[in-house]
Amino acid sequence: MEKSPIRAFLWADLASTTDTEHITESYVRLKSMALACATPRSSLKGNALLKADIVRGLDWMYANRYNETTPMHDEWFHLEIGAPAELVDTTPDV
């Protein structure tokens, strides 16, 4: 995960601003991080640094990739089903 304050992406392999699958896959990775932070007996359970990275990643995605003004492009599935499903699964754990 790219953590620079002037980053242009969260992950270099998911940097496209037009491939909507990159939005969904970014949320998949954030969800995996959130699950690691929330899972009992995980070595990352309750890790404050991981939680902060997740929150910053979610904030960055909203500000830069996916929000109510995101234009429809490429595949509609990722904007209307894929990304929202992953986001909903992520947020209860943060």
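Where is the place of Thr90? Thr90 sits in helix α3. The views below come from a predicted model: local features need pLDDT of at least 70, side-chain atom pairs count only at pLDDT 80 or more, and totals for chains, interfaces and linings use all residues. Residues are numbered from 1 along each chain as its sequence is written, and side-chain values use heavy atoms, with hydrogens and water left out.

**View 1. Thr90 and its surroundings.** Thr90 has 0% relative accessibility, so it counts as buried (under 20% relative accessible area with a 1.4 Å probe, protein chains only; exposed is over 50%, partly exposed in between). Leaving aside neighbours within four places in sequence, Thr90 is in contact with Tyr27, Leu30, Lys31, Ala34 and Leu58 (contact means heavy atoms within 4.5 Å). His73 is 17 residues from Thr90 in sequence, and their C-alpha atoms are 24 Å apart.

**View 2. Helix α1.** Helices are DSSP runs of H or I, at least four residues, numbered from the N terminus. At 1.5 Å a residue, the 19 residues of α1 should span 27 Å; the end C-alpha atoms are 27 Å apart, which agrees. The expected span is 1.5 Å times one less than the number of residues. Buried residues of α1 include Thr20, His22, Ile23, Tyr27 and Leu30. The buried residues of this helix pack against α2 and α3.

**View 3. The largest nonpolar core.** This core has 18 residues. A nonpolar core is a set of buried Ala, Val, Leu, Ile, Met, Phe, Trp, Tyr and Cys residues joined through side-chain atoms within 4.5 Å. Ile23, Tyr27, Leu30, Ile54 and Met61 have the most contacts inside it. Helices α1 (20-38), α2 (48-64) and α3 (76-90) each supply at least two core residues. The most come from α1, with 7 residues.

**View 4. Leu30.** Not counting residues up to four places away in sequence, Leu30 touches Leu10, Trp11, Ile54, Gly57, Leu58, Met61 and Thr90.

**View 5. The largest cavity.** The structure holds 1 cavity of 30 Å³ or more. The largest cavity has a volume of about 40 Å³. A cavity is a set of points on a 1 Å grid over the protein atoms alone where a 1.4 Å probe fits but cannot get out; lining residues have an atom within 4 Å of a point. Phe9, Leu10, Leu14, His22, Ile23, Ser26, Trp60, Met61 and Arg65 form the lining. Its largest share, 3 residues, comes from α1.

Conventions. 1 Å grid on protein atoms, 1.4 Å probe; cavity = no way out; pocket = protein on both sides within 12 Å on 5 of 7 lines; lining within 4 Å. Points joined across faces, edges and corners; volume = space filled by probe spheres on them.
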